Amino acid sequence: MIDNSRTRLAFAALLPAAMLLNACGEKPAEEVSEPAVTEPTTEPTASIFGPEAELPEKAVEKEELAADLPLKLTIGFPDGGATLDADAVVALEAALPKIKAEESALITLGAHSDSGGNDVGNLTTSEKRGLAVAAWLIERGVDEDRIEVVAFGEQNPLQPNALADGSPNELGRAANRRVEITLANPE
C-alpha cells in the first residue's frame, strides 16, 4: 500500500538532490551548453546559509502529516495470558476515538507470544490475545468487519527470548507478548 501524499513529499525532497548530483557529473565538451537564462521570480528565495532561511509559511504542519499516517499501537501482555491489564485498557481508550473516527480504515491486530512453550501453544496464545483486543474494540462500537486478527506466535520477537548464556530473558519475553494494532486506509 502506497500513501500518495508521503510519496509526493519524499519525491519532492529528493528531486533537488538528484538534480544537484546530475549537475555535478562531467559532460564531454560537445555537450556543454550555455546555461539557460530565466527571469527572476517576484518572490525572493531563502538561502539555507543566510539568516532569513525559514520554512515556508505553507509548509505541512507536523500534526497534519501525522494525521495521514497509519496509527500503530502496541498493547502489551507482560504477565502472560490473554487478559487485558489496566495499562492495555488505558492505551486502547486513548486510541479509540481515532479508531472510531476513521470508519473506512482497516484494523490489523498482529498478535505475538514469547518463545516459552511449543509452537502450537504459542500460536494459540497469540491468537487469544488478538481476539481479546478485537472483542474490546467491538464492545465499544467498532465494526468487526474492519478487524483482522493475525496470529504470529513466537516468530517476530521484539527482544531476545533468551540471554547469551541460554537462560530465559524475562524482560525480553514480557516485551514479546503483545498485540500490534495497525490502522490503515483500505487502498
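This is a predicted model: local features need pLDDT of at least 70, side-chain atom pairs count only at pLDDT 80 or more; totals for chains, interfaces and linings use all residues.

Guide: Residues are numbered from 1 along each chain as its sequence is written, and side-chain values use heavy atoms, with hydrogens and water left out.

Visitor: What makes a stretch a helix or a strand?
Guide: Helices are DSSP runs of H or I with at least four residues, and strands are runs of E with at least two, numbered from the N terminus. The chain has 5 helices and 4 strands, in the order α-α-β-α-β-α-β-α-β.

Visitor: Why are β1 and β3 called edge strands?
Guide: Two strands pair if DSSP finds at least two bridges between them. The open sheet is ordered β1-β4-β2-β3, with mixed pairing. In it, β1 (71–76) and β3 (147–153) each pair on one side only, so they are edge strands.

Visitor: How do you know that β1 pairs with β4?
Guide: The requirement is at least two bridges; 6 bridges join β1 to β4 (residues 178–184), so the two are paired, and they run antiparallel. Within this pair, Thr-74 stands opposite Glu-180.

Visitor: On what grounds is helix α3 said to touch the sheet?
Guide: Contact means heavy atoms within 4.5 Å. Helix α3 (residues 86–101) touches β1, β2 (106–112) and β4.

Visitor: What does "buried" mean for this chain?
Guide: A residue is buried at under 20% relative accessible area, with a 1.4 Å probe and protein chains only. Of the 187 residues, 23% count as buried.

Definitions and conventions:
Buried means under 20% relative accessible area, exposed over 50%, partly exposed in between (1.4 Å probe, protein chains only). Axes are lines fitted to C-alpha atoms, for helices over the stretch in contact, and angles run from 0 to 180 degrees between N-to-C directions.
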